[in-house]
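Open the structure in your viewer and keep the sequence panel beside it. The stops below say what to select and what is there.

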Amino acid sequence: MIDAATLFTIVLMAGVTYLTRIGGYFVLRNRTLGARATAVMEAAPGCVLISVIAPAFVSRNPADLVALAITFVAATRLSMLPTVLIGVAAAGLLRHFIG
């Protein structure tokens, strides 16, 4: 059973994430972005992904290190969504089987 405080935290984090996602649309809805700003906006998802997986670089857990290597290989060959799905699946399965 999930703790009420944990559930509240997850729901609150999801809400804040959603608000930040739609906030950009409201702020930029009547503006045309230049080439440089467009490039920054397109690079942002990759930066977020790196910030999520970066702690695995300093992990001593073998499952995390192998999952990181799998994610890196996927990132060199696939687009963002398949890479994220493969990385999450690899981390989950390896943590389950290796520990």
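This is a predicted model: local features need pLDDT of at least 70, side-chain atom pairs count only at pLDDT 80 or more; totals for chains, interfaces and linings use all residues.

Stop 1: Select residues 62-77, which form helix H3. At 1.5 Å a residue, its 16 residues should span 22 Å, and the end C-alpha atoms are 23 Å apart, which agrees.

Stop 2: Colour Ala63, Asp64, Ala67, Leu68, Thr71 and Ala74, which are buried in H3. Looking down the axis of H3, you will find these buried residues within an arc of 130 degrees, so they line one face of the helix. An α-helix has 3.6 residues a turn, so residues three or four places apart point the same way. On the other side of H3, select Phe72 and Arg77, which are exposed.

**Stop 3: the cover.** Show helix H2 (35-53) and helix H4 (80-97); both are included in what covers the buried residues of H3.

**Stop 4: the core.** Select Ala63, Ala67, Ala90, Ala91 and Leu94, the five residues of the largest nonpolar core. H3 and H4 each supply at least two of its residues, and H4 gives the most, with three.

**Stop 5: the charged pair.** Which side chain meets that of Arg95 in a salt bridge? Select Asp64: the N to O distance is 2.7 Å. Arg95 lies in H4 and Asp64 in H3, so the pair ties together parts that are 31 residues apart in sequence. Asp64 is buried, with a relative accessible area of 13%, whereas Arg95 is partly exposed at 48%.

Conventions: Residues are numbered from 1 along each chain as its sequence is written. Side-chain values use heavy atoms; hydrogens and water are left out. Helices (H or I, at least four residues) and strands (E, at least two) are DSSP runs, numbered from the N terminus. The expected span of a helix is 1.5 Å times one less than its number of residues. Buried means under 20% relative accessible area, exposed over 50%, partly exposed in between (1.4 Å probe, protein chains only). The arc is that of the directions from the helix axis to the C-beta atoms. Contact means heavy atoms within 4.5 Å. A nonpolar core is a set of buried Ala, Val, Leu, Ile, Met, Phe, Trp, Tyr and Cys residues joined through side-chain atoms within 4.5 Å. A salt bridge is a side-chain nitrogen of Lys or Arg within 4 Å of a carboxyl oxygen of Asp or Glu.
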